[in-house]
Amino acid sequence: MLALTELGQRLRQERESKGLSLEDLQKLTKIQKRYLLGIEEGNYEVMPGKFYVRAFIKQYCEAIGLDTDAIFEEYKSDIPSTQTEDMPQQLSRVRSRKEIPQHTKGVSKAYDYLPTVLVVAGVVVVGIIIWVIAQNIVSDKNKEQANQEAPNSEVQQSNTQEETNETTAKNDNSKSEDEQSAADKKEQEKEKAEKEKAAKEKAEKEKAEKEKKESGKQEYKEVQKTGRSATYALSGTDAFNLEVTSTQADTWLDVKNGKGNAFFSSILKKGETKEFDLTKETEARVNIGYSPGVELKVNGKAVDLPFDSSKQVRQVVTIQYQPAEAQ
């Protein structure tokens, strides 16, 4: 490797301080790497000629930000001077104006430019013709497209308006139907509530009249008591309805008619009520296993148990029934 000249050392130090490699510098200056390396090493023999040496050094300095004139002045001893013979060979082959005869100079120059002028004129004419044709084609195409789109646009606008009208009409109809449906439903609910209220009032009125009528005639009196059993006579009424409710605890309950046929024979749970229609019977026997908290009603009217439940837990009540019509 050749020793660096002062100029080459200065250039390399400046390049490296900029963080540039020879490859980076080659990209910036478009100068081959081997020529850049030749500048740093002072190996100008690798250059095409002295003219290129000065030109490459100038580009090198400009790429790394050095003042070219100052560098050329400071290191003029390291930079070869340019001679006429060092100019590129292709440039030396160009004939000078003095070598061209003066009487043929103007004619030759005109003939040199004539082919170029003709070519340029031809290109311009062809370009103008193409442009005119293209404008006509585009204009015709736009007119045709406009003629096609106009009816389509009108049809589309008409269809859109019709769809909008239909949608609006459907929405209005739907809204009207919904409102009518809601009104009908509300009216039906009102009628149903009124009917239920009237039916309830009628039932309560009939029940009150029945109880009033039965209470005026009904007679429930004790006939006999023995041990834990008691017999009662029910008269003055055309109905015999019995209700048994346990309010304190579960109890055994057995209800039979005079013939021994059972209507109920099981546990009566606390809070439970059993109802029996015994109108067709002449006698009913009620066997209560745990009498505390047990309530009896005959035709909706509460009747007392025959014995004190604290003293007699199990009680048997027999009710003999004689309809008012048979009396």
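Reply: A salt bridge is counted when a side-chain nitrogen of Lys or Arg lies within 4 Å of a carboxyl oxygen of Asp or Glu. The model is a predicted one, in which local features need pLDDT of at least 70 and side-chain atom pairs count only at pLDDT 80 or more, while totals for chains, interfaces and linings use all residues. Residues are numbered from 1 along each chain as its sequence is written, and side-chain values use heavy atoms, with hydrogens and water left out.

Side chains of opposite charge can pair when their charged atoms come close. By the salt-bridge rule, the count comes to nine.

Start with Glu40. Its side chain meets that of Arg15 in a salt bridge, 2.8 Å from N to O. Glu40 lies in helix α3 and Arg15 in helix α1, so this pair ties together parts that are 25 residues apart in sequence. Helices here are DSSP runs of H or I with at least four residues, numbered from the N terminus.

Arg12 also forms a salt bridge with Glu40, and the closest N and O atoms are 2.9 Å apart. Arg12 belongs to helix α1 (residues 6-17) and Glu40 to helix α3 (residues 33-41), so the parts tied together by this pair are 28 residues apart in sequence.

How covered are these side chains? Buried means under 20% relative accessible area, exposed means over 50%, and partly exposed is in between, with a 1.4 Å probe and protein chains only. Glu40 counts as buried because its relative accessibility is 0%. Arg15 has 6%, so it counts as buried too. Arg12 is likewise buried.

Glu62 and Lys58 form a salt bridge whose closest N and O atoms are 2.6 Å apart. Both residues lie in helix α4 (residues 50-64), four residues apart, which is about one turn of the helix. Lys58 has a relative accessibility of 39%, so it counts as partly exposed. Glu62 is partly exposed as well, because its relative accessible area is 44%.

Back to the pairs around Glu40: salt bridges that share partners join Arg12, Arg15 and Glu40 into one network.

In summary, Glu40 is bridged to Arg15 and to Arg12, and Glu62 is bridged to Lys58. The ties from Glu40 run between helix α3 and helix α1, whereas Glu62 and Lys58 both sit in helix α4.

Terms used: Helix = DSSP H or I, 4+ residues; strand = E, 2+ residues; numbered from the N terminus.
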